[in-house]
Amino acid sequence: MARHPVWSGLLHVSNGRPNIYSRQFLLTADSFSLVAELNATLELLYGGERNQQCRFPARYLWLRQQLDLPELSLQDCTEFQEFKTRAPATEISLAFASENLAQPSSMMGHIFLKLRGLDSNGNPLEHAISFFTDAGGINIPKLFYESMVVGKTGYFSLSPYQEKIALYLGEEQRSIWEYSLKLSAFQKELIQAHLIELRQTDLVYFFQKYNCATVIDFVLSLAATEPLNNTGFWLTPKDVVKRAEKLNLIEQSRLISPNRWLIRALREQLPSDQSKAIQEDIDALRLPEVTQLEPNQAFLHLQLAKAYLAYQTETTKFQDKRLAVLSNSLKSKISHELQEKYPSHVLQVLEQKNPIESPQDSQIAIGLTRRDEQTYLRMNLTPASHQLDDDNRQYFSETELLLFDVSILKDLRSRQILLDQFTVYSAKSLIPYDAMSGGISGAFRIGVAPHYDAQLRSNKAAFIEGGLGITHRAGNDLDSFALLGLGVRWQSGRAQLYAQPEIGFILREVFDMKSRISVVMTSDLAGNDQSHMHFRFVQSKYFKSKDVSLHLSIDRIRSSEKTLSQFEFSLKKMF
């Protein structure tokens, strides 16, 4: 019984080690083992003070079911009964909010639970159960140290679900996927009881080992038949969704799109002149004229008008009271038109984007590199999450997110092993600009990498760099982008400031391939004549398994005095 996956889930134990050391939660915190905690729990419930089942209602429910133990009443457990009344759980769903690269704690997305049921008067109630930490501030090294080494205070919250929806869809413009779970009545009660146990406990948040994903996965394991088996470096929110799918716990799913992405998807269905006319009508707070259009086109026109009006409201354009009243009136008119004239029409856009279909979040690559008459074996390890040249078709734009990415070279002639570069954190988001919803592209990177002088001699330097720019999407398959970047590197005991503008193209091709061409110019702002131009071409091929890909890259770095060439062919495995 102590090795049962549900018992490990109730104790939040992975690989035999607990993730919660609070004495409020563990009875054997000083000398923990699964067996010792099982015996101590039974002793507490049946051999000590009365009503200890109120402290551990989930442990009591599961142990009683497994061992056919005498019944202990939960009716006098005030907090548990109040929680069941306040947040009924007739239906429990996983909710996944898409990545937010602007917020470190949510850069791989956020996962939480949705509880749905009826109150005593038969009114529907929906609540969100979420685990998170305070990740405010822009000091990323300090944030990493606190959240990965010493731990940060974890918050376990119950909030109205619509508040979460408003935050993610409105303020942050993040998509939300809901996955309703196939659970028995006992499993739902067990999960509710366990949530009370967690709310009564002091929790410590660790970014890499005890985060929103691990907590929700432990909760999910109360309905699983096998123990947690994470093959990556740490569990991510997408891993939890994929595990639920693998265990056949997902009954159905639905995507709730933010208006920003809904606008983009709808504009792809309409000619540009019609989209522009709709924008002009809404900016003037006029109802678009659609009587001359065929029904499907008219339906799309009104949906685009509705999404654009909502987006303008969310981005505080209509803050004037008079304009707000007119905006609400127009919103009502559009909704009335859609309900009266197109009741059978269903809007189906963006449904092809699904976290379940995305590649895994950890990767390793091995390849041969030819650089100026020398041949190297390269190994690249990325604990999380994905590169710009990876298969990003399940994202709404081309993105990159790297955490602790390391690249090592082995000289095949001298057998020397070299650290080529180490990226602590890199985020790049190439959001296509849209006339109706805007969109700014950006990049930020911190780490250690080779930097070149005028003779293209490389020296390792620590650096921080970032940039802003714009991306244009031509059709569905071609992106062009331009970023204006600045950086600072620390080399030979001094800091050097440099400019780093970049332009490039990304082409998504047939046969699951992608090409990227980029040109980066690095100019030392101190006038040390260390400017150089970096031309890069990458051809990527993805295989149907989604977890294997091939990459060919060609680099030419040119200064006023010299040209350096590099060719590389690599095989990548996602896991």
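Please keep in mind that the model is predicted.

Let us start with the cysteines. The structure holds 1 disulfide, and the partners are Cys54 and Cys77, with an S to S distance of 2.0 Å. Distant parts of the chain are linked here: Cys54 is in the loop between α2 (34–47) and α3 (57–67), while Cys77 is in the loop between α3 and α4 (78–86), 23 residues apart. The link of Cys54 and Cys77 is left-handed, with -80° about the S-S bond. Cys77 has a relative accessible area of 3%, so it counts as buried.

Next comes the backbone. Most residues other than glycine have a negative phi, and most peptide bonds are trans. Against that background, have a look at Asp68, which has a positive phi of about 55° although it is not a glycine. You will find Asp68 in the loop between α3 and α4, where it is exposed at 69% relative accessibility. Asp512 also has a positive phi of about 55°, and its place is the loop between β19 (502–509) and β20 (513–524). With a relative accessible area of 25%, Asp512 is partly exposed. For a cis peptide bond, turn to Ala384 and Ser385, where omega is about 15°; Ser385 belongs to strand β12 (residues 384–386).

Now to the rings. A pair of aromatic rings is described by the distance of the centres and the angle of the planes. The structure holds 11 aromatic pairs. One of them joins Phe131 and Tyr210: the ring centres are 5.6 Å apart and the planes stand at 65°, so the pair is edge-to-face. This pair links distant parts of the chain, with Phe131 in strand β5 (residues 124–133) and Tyr210 in the loop between β8 (203–205) and α8 (212–220), 79 residues apart. Phe131 is buried at 0% relative accessible area, and Tyr210 is buried at 0% as well.

Tyr425 and Phe444 form a tilted pair, 6.0 Å centre to centre with 45° between the planes. Because Tyr425 lies in strand β14 (residues 417–430) and Phe444 in strand β15 (residues 441–452), the pair ties together parts that are 19 residues apart in sequence. Tyr425 is buried at 4% relative accessibility, whereas Phe444 is partly exposed at 29%.

Elsewhere, ring pairs link Phe96, Trp177, Trp261 and Phe396 into a cluster. Finally, look for charges over rings: the charged end of Lys164 sits over the ring of Phe112, 5.9 Å from its centre, and that of Lys541 sits over the ring of Phe543, 5.6 Å from its centre.

Methods. Residues are numbered from 1 along each chain as its sequence is written. This is a predicted model: local features need pLDDT of at least 70, side-chain atom pairs count only at pLDDT 80 or more; totals for chains, interfaces and linings use all residues. Side-chain values use heavy atoms; hydrogens and water are left out. A disulfide is a pair of cysteine sulfur atoms within 2.5 Å. Helices (H or I, at least four residues) and strands (E, at least two) are DSSP runs, numbered from the N terminus. Buried means under 20% relative accessible area, exposed over 50%, partly exposed in between (1.4 Å probe, protein chains only). Rings of Phe, Tyr and Trp (its six-membered ring) pair if their centres lie within 6.5 Å; planes under 30 degrees apart count as stacked, over 60 as edge-to-face and the rest as tilted. A charge sits over a ring if NZ of Lys or CZ of Arg is within 6 Å of the ring centre and within 35 degrees of the ring normal.
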